[in-house]
Amino acid sequence: MAKPQHVPPNGWDRFSITAEIHRQGMTFGELAKRAGITLKTFSQVWTRTNRRAEKAIASFLEVKPDDLWPDRYPIRSAQILSSKHADRSASQKAGSHADRKAA
């Protein structure tokens with residue numbers, strides 16, 4: 001809609017985002033409808049990550065989502081550790097070969 005005229009000095013928080021949305025004459029219900037999300041799901045943006053709701057709010061305010069939620073961006077992927085790529089000495093069973101021969 002319109003870029004915010006006043007960016008909060010301490011960064012965006014829940015209350016400053018809400019105030020700016022209302023200042024521009026928009027409601028969360030209308031934003032949720034435009035984004036195709038239920039209002040209940042949309043309102044959970046404050047407590048859990050919801051990329052569609054975050055994007056809808058950010059695009060309405062004409063700012064980047066990582067400006068509004070810097071702790072949630074950049075998106076990091078989880079790293080799964082695998083023993084496939086570790087050398088044989090890293091295994092806990094590496095020293096057990098001698099015992100198996102005796103048995």
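Buried, in this briefing, means under 20% relative accessible area, exposed means over 50%, and partly exposed is anything in between (1.4 Å probe, protein chains only). Asn-50 has a relative accessible area of 16%, so it counts as buried. What you're looking at is a predicted model, where local features need pLDDT of at least 70, side-chain atom pairs count only at pLDDT 80 or more, and totals for chains, interfaces and linings use all residues. Residues are numbered from 1 along each chain as its sequence is written, and side-chain values use heavy atoms, with hydrogens and water left out.

**The chain as a whole**

- The protein chain has six helices and zero strands; helices (H or I, at least four residues) and strands (E, at least two) are DSSP runs, numbered from the N terminus.
- Read from the N terminus on, the elements go α-α-α-α-α-α.
- The chain has 103 residues, and 28% of them count as buried.
- Take the contacts (heavy atoms within 4.5 Å) between residues at least 6 apart in sequence: 41% of these join residues at least 24 apart.

**What is buried in α4**

- Helix α4 covers residues 51-61, and its buried residues are Ala-53, Glu-54, Ala-56, Ile-57, Ala-58, Phe-60 and Leu-61.
- The cover over those buried residues includes α1, α2 (28-35), α3 and α5.
- As background, an α-helix has 3.6 residues a turn, so residues three or four places apart point the same way.

- Glu-54 sits in α4 and is buried, because its relative accessible area is 0%.
- Its side chain makes a polar contact with the side chain of Arg-72 at 2.5 Å. A polar contact is a pair of N or O atoms within 3.5 Å; within protein, one must be able to donate a hydrogen and the other to accept it, and residues adjacent in sequence count only if both atoms are side-chain atoms.
- The Glu-54 side chain also has a polar contact with the side chain of Arg-51, at 3.3 Å.
- Setting aside residues up to four places away in sequence, Glu-54 touches Val-45, Thr-49, Trp-69, Arg-72 and Tyr-73.
- Phe-42 is 12 residues from Glu-54 along the chain, and their C-alpha atoms are 8.7 Å apart.

- Ala-53, another α4 residue, is buried because its relative accessibility is 0%.
- Ala-53 contacts Ile-37, Phe-42 and Val-45 once neighbours within four places in sequence are left aside.
- There are 21 residues along the chain between the positions of Ala-53 and Ala-32, yet their C-alpha atoms are separated by 7.4 Å.
- Asn-50 belongs to the loop between α3 (39-43) and α4.
- Beyond its neighbours within four places in sequence, Asn-50 is in contact with Thr-41, Val-45 and Arg-72.

**How α1 packs on α4**

- The axes of α1 (residues 14-23) and α4 come within 11 Å and cross at roughly 55°. Axes are lines fitted to C-alpha atoms, for helices over the stretch in contact, and angles run from 0 to 180 degrees between N-to-C directions.
- That makes α1 oblique to α4: angles under 35 degrees count as roughly parallel, over 145 as roughly antiparallel, 65 to 115 as roughly perpendicular and the rest as oblique.
- On the α1 side Ile-17, Glu-20 and Ile-21 take part, meeting Ile-57, Phe-60 and Leu-61 of α4.
- By class, this contact of α1 with α4 has five nonpolar, no polar and one charged residues. Ala, Val, Leu, Ile, Met, Phe, Trp, Tyr, Cys and Pro count as nonpolar, Asp, Glu, Lys and Arg as charged, and the others, Gly among them, as polar.

**How α2 packs on α4**

- The α2 and α4 axes come within 10 Å and cross at roughly 115°, so the two helices are roughly perpendicular to each other.
- Phe-28, Leu-31, Arg-34 and Ala-35 of α2 make this contact with Arg-52, Ala-56, Ile-57 and Phe-60 of α4.
- The residues of the contact of α2 with α4 divide into six nonpolar, no polar and two charged.

**Just past the end of α4**

- Glu-62 lies in the loop between α4 and α5 (65-68) and is partly exposed, because its relative accessible area is 40%.
- Just after α4, Glu-62 takes a positive phi of about 55°.
- Most residues other than glycine have a negative phi.
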